[in-house]
Amino acid sequence: MPIITNVRTILTAPEGINLIVVKVETDQEGLYGLGCATFAYRELAVKSVVDDYLKPLLVGRDTNKIEDLWHLMHHNAYWRNDAISNNAISGVDMALWDIKGKIANLPVYELLGGKSREGVPYYRHVNGKTLSEIVDKIEVYKKQNVKHIRIQWGLYGGIAKDLNTPKNSEPGIYSNPTQYILDTLRMFEYVRKECGDEIELIHDIHERLSPKDAIYLAKQLEKYRLFYLEDPFSPEQADYIANIKSQCTTPIAIGELFNNPKEWEYLIKNRLIDFIRVHISQIGGFTPAKKLAIFAEQFGVQTAWHGPGDVSPVGHAANVHLSLNSHNLGILEWCGFSDLMYKVFPGMPYEENGYLYVSNKPGFGIDIDEELAKKYPHQTNVTKWTQTRLPDGTLVTP
Ligand code: MG
């Protein structure tokens, strides 16, 4: 049995976003695993949990006992289910799955029961300053056979115009909810007219609206037949989803901010959401994610794992392996990566003709060029994009 000899973090930012990868090394020649622990905006805190607390806990233990080690890490600090601990645990957990696949000489999806499909359908993001820019970008993806597109007029909360803020207002990213709602409805009308009814459209409210405004928007969007509407509410207000479900058929996806099983259990077992889209490292890794996928399947809820640029390529590989296996896959978010990322992370998933594929090497099939990664050091900065405000200056969820 392979024994853990070292656990360490690798911080890198090839595309300017802090990525945290955990490497678990063993006593067997050349046998190691990689996992994603990316909490891009608190990277040093995650690094400390891995290097200062998990490493001493884990060195000398059997890599095969993933289930036991996950619970050991989860309960070790007594307090649990927080974002920093969960990401740290995820880094180790995914690395152990990677090692198990390498021992078995099988890709991880085979350890789960094999493929439900040969490639994973994904969606891409389109945003633009003008409606014609949005349509032009959609047409580019349509030519690549991408069938699902998330559309935003501007970034989250729209492009605020004619703001009248109080004097001495705090700096931040301001949005005007009424203008955002009306602009979003105009965008959907325009895109449906220009791009047709077949393309599958997604929109992310990104918890920017009050519950009453989000319910109004969800209802008005019903006629545009969305694939799903994402994060209409913050996790704190997620019980409002019952109000949307009682009033319209717009499908709902939520979960990228969830940390704790109690946040999804009620929504899934009461069939209040259509897609669960947690950030896999944020809930503690591959082990809890595979359990969540199976739990959701029992209630007819589909998966749409969070897949933006602040998930490392190792995390994306985990997303694709799980999505290849899960019978209840809905869609996967994919943001596309530069050639540089494919050099830093050889073997990372790739897109082709509307589907995502993995390298099919054992484990997650992905590696890291540590020397190249070092050339792109992480940056510890004050996070600005989360400082979002209403026209009167009130801070709101980002
Ligand atoms: Mg989102």
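Predicted model: local features only at pLDDT ≥ 70, side-chain atom pairs only at ≥ 80, totals over all residues.

Visitor: What makes S2 and S3 a pair?
Guide: Strand S2 (residues 19–26) is joined to S3 by 5 bridges, and the two run antiparallel. Two strands pair if DSSP finds at least two bridges between them, so 5 bridges are enough. Residues are numbered from 1 along each chain as its sequence is written, and side-chain values use heavy atoms, with hydrogens and water left out.

Visitor: How do you know that S1 and S2 pair too?
Guide: They share 8 bridges, in the antiparallel sense, and Leu11 stands opposite Ile20 in S2. S1 and S2 also form a hairpin with 6 residues between them, and Gly16 in the turn has a positive phi of about 90 degrees.

Visitor: Why are S1 and S3 called edge strands?
Guide: The open sheet has 3 strands in the order S1-S2-S3. Strand S1 (4–12) and strand S3 (32–36) each pair on one side only.

Visitor: What makes S1 largely enclosed?
Guide: Buried means under 20% relative accessible area (exposed is over 50%, partly exposed in between, with a 1.4 Å probe and protein chains only). In S1, 7 of the 9 residues are buried, so the rest of the structure largely encloses this strand.

Visitor: Why is Asn328 called buried?
Guide: Asn328 has 7% relative accessibility, so it counts as buried. It is found in the loop between helix H11 (313–325) and strand S12 (332–333). Its contacts (heavy atoms within 4.5 Å) include Ala293, Glu297 and Thr303, not counting residues up to four places away in sequence.

Visitor: Why are H1 and H3 called oblique?
Guide: Helix H1 (residues 43–58) and helix H3 (residues 83–104) pack at about 55 degrees, with axes 9 Å apart. Angles run from 0 to 180 degrees between N-to-C directions. Under 35 degrees counts as roughly parallel, over 145 as roughly antiparallel, 65 to 115 as roughly perpendicular and the rest as oblique. H1 and H3 are therefore oblique to each other.

Visitor: Which residues of the two helices meet?
Guide: Among them are Val46, Val49 and Leu54 in H1, and Ile84, Asn87 and Val92 in H3.

Note on methods. Helix = DSSP H or I, 4+ residues; strand = E, 2+ residues; numbered from the N terminus.
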